[in-house]
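Me: I have a structure here that I'd like to go through. Can we take it piece by piece?

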Amino acid sequence: MLRPEWGLELACGGTNPHDSHAAIFNRLERRAPDPKRPHKKSKHPIEHFGYLDGVSQPMIKGLPRVKYAKEVRPETYQLHAVEPGEFVLGEKNERQIKTPYPELADFGKNGSFYVVRQMAQHVGAYNQMVKGLAAEIGDASEKSVLEDAAGKIMGRRRDGAPLTDMLPENKSLSSFSFAGRNSGGLQCPVSSHIRRANPRDSREDEPETSLRLSKRHRILRRGRIYGANADNDNFDAEDQDKQGVLFMCVNADIAQQFEFIQQTWLNNPTFAGVDGEVDPIVSGLEPSEKRFTAPARPRPAIVKRDKPLTTVKGGGYFFLPGKNALLWLAKQPAPAAPSDPTIKEK
Ligand code: HEM
C-alpha cells in the first residue's frame, strides 16, 4: 500500500512540473550500455538498421539546462524549445492553454502519457531496399553509395549527420532546418523518416508558421533494442523477426502528438505534396504505396518497397500519474478482501 510519507516526490515528481515524469524521462540516459557496439563515445544508441537513435529531442522550456541552452545555442533552442504543457498535464502548451487533465482531486496534475510499441525490424528487407536505392543512385557495390542510400531513407546518415546544411551555429546534430536549404527535398527527401516525423520549418512559403505548428506534435523519445545485434556492415544479413526496438515516448496528448505523427505525417500518402508513398521505416504496404523516392538531378532515384521494414508486435498507452494522483490513491480505503468460498463460516 502506498503511503504519502514514503517520499513519493522522488518516485513520481512533486508539485513542480520540472520534477515530473516528463522531465525525469528527459534526463534518462539515452544510451543502453552495450560494449560490443561501435561508436562507443556517442551518447546515443545504435538501432538495428545501424543508425544513431534518439538524437533529435524537444527541449522543455523552463528546465534549467534548457535556459542555459537558450543562451549558448539560441538557434537550436529556437528550433526545439517547446512549452512544458506538451509533456506535463496542467502546464501551458504550444496552443498557449493549460493542457487539460482529469480534475477529480487534481488527479491528472503533473501527469503525462507514455506510449510503448514493440516493433520488429526486418534487417534483410531493409538491406534489400538500401541496395535497390543505391543502384538507382550510382554503383551499389561502393560502400559510400550504400551509405548515401541509407541516409536518404532515414533523412540522416547512419552516423547521425544531417543531410541538409547545418545552421550557422552548428552546435549539435539537431542544429538543422529545412526551409530555404533544401528545395524539393534534393538534400533530405520529403518522404524520409525524420522529415515526415518532424517537418520542422519545411513549408517554404511559411517557415515560421510551419515550425510553430510542428512544435504542437513533438514527443520525447527513447528506443531500446532487443534481440541479437544485426551486422549492418554485412548488407546480406539474413532477415529475422527476432530483433527490433522497444519504441517509447512521453507526451501530454496522445492523439495530437504520437498518433498525429503516425497518421498525419508518417502514414500519409500525400504528405507535403508527395504522391502515393509513405514512411519507409514504419509504414506498412498498401498496394499503391510500394515505393520510395529520393529527389535527384537529372532524375529522381526511385526504389520499390516489396516488404515492410518493421512490424508492430505489441504496445500500449499508459498514464504516468503525478504526485497528486498517487497521494489520492494512497488515501483511499483498502478494498474489502474478497470472500473465500472454500472457508466455511463457523
Ligand atoms: C523500428 C521503428 C523505428 C526506427 C528504427 C526509428 C529510427 C529513427 C532514427 C534512426 C531517427 C533519427 C535519429 C534521431 O533523431 O533520433 C528517428 C527519428 C525520429 N523518429 Fe523514429 N524510428 C522508428 C519508429 C518511430 C515511430 C513509431 C515514431 C512516431 C510515431 C518515430 C518518430 C520519430 C521522431 C519524432 C524522430 C525525430 C525527428 C526529428 O526531430 O528530426 N519513430 N527515428
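Me: At roughly what angle do the axes of helix α5 and helix α6 cross?
Reply: This is a predicted model. In it, the axes of α5 (residues 123-137) and α6 (residues 143-154) cross at roughly 110° and come within 8 Å.

Me: Parallel or perpendicular, then?
Reply: Roughly perpendicular, because angles from 65 to 115 degrees are put in that class.

Me: What is the handedness of the crossing?
Reply: Right-handed, as α5 passes α6.

Me: Which residues meet there?
Reply: From α5, Tyr126, Met129, Val130, Lys131, Leu133, Ala134 and Ile137 are in contact with α6. On the α6 side the residues are Val145, Leu146, Ala149, Ala150, Lys152 and Ile153.

Me: How many of those are nonpolar, polar or charged?
Reply: The contact has 11 nonpolar residues and 2 charged ones, with no polar residues.

Me: Back to Tyr126. Which aromatic residue does Tyr126 pair with?
Reply: Tyr51. The pair is edge-to-face, with 6.0 Å from centre to centre and 75° between the planes. A search of the whole structure gives 10 aromatic pairs.

Me: Where does Tyr51 sit in the chain?
Reply: In the loop between α2 (21-27) and β1 (59-60). Tyr126 is in helix α5, 75 residues apart from Tyr51, so the pair links distant parts of the chain.

Me: New topic, the ligand. Which protein atom is a donor to the iron?
Reply: NE2 of His193, 2.2 Å from the iron atom, is the single donor from the protein. His193 is in helix α7 (residues 193-197).

Me: And the backbone: where is the cis peptide bond with omega of about 10°?
Reply: Between Arg297 and Pro298. Pro298 lies in the loop between β6 (291-294) and β7 (301-304).

Me: What is phi for Gln96?
Reply: Near 65°, which is positive in a residue other than glycine. Gln96 is in the loop between β2 (81-82) and β3 (112-121). Most residues other than glycine have a negative phi.

Terms used: Residues numbered from 1 in each chain as written. Predicted model: local features only at pLDDT ≥ 70, side-chain atom pairs only at ≥ 80, totals over all residues. Heavy atoms only, no water. Axes fitted to C-alpha atoms, helices over the stretch in contact; angles between N-to-C directions. Helix = DSSP H or I, 4+ residues; strand = E, 2+ residues; numbered from the N terminus. Parallel < 35°, antiparallel > 145°, perpendicular 65-115°, else oblique. Left-handed = near helix turned anticlockwise from the far one by under 90°. Contact = heavy atoms within 4.5 Å. Nonpolar A, V, L, I, M, F, W, Y, C, P; charged D, E, K, R; others polar. Donors = N, O, S within 2.8 Å, 3.2 Å for Na, K, Ca; no water. Phe/Tyr/Trp six-rings, centres within 6.5 Å; stacked < 30°, edge-to-face > 60°.
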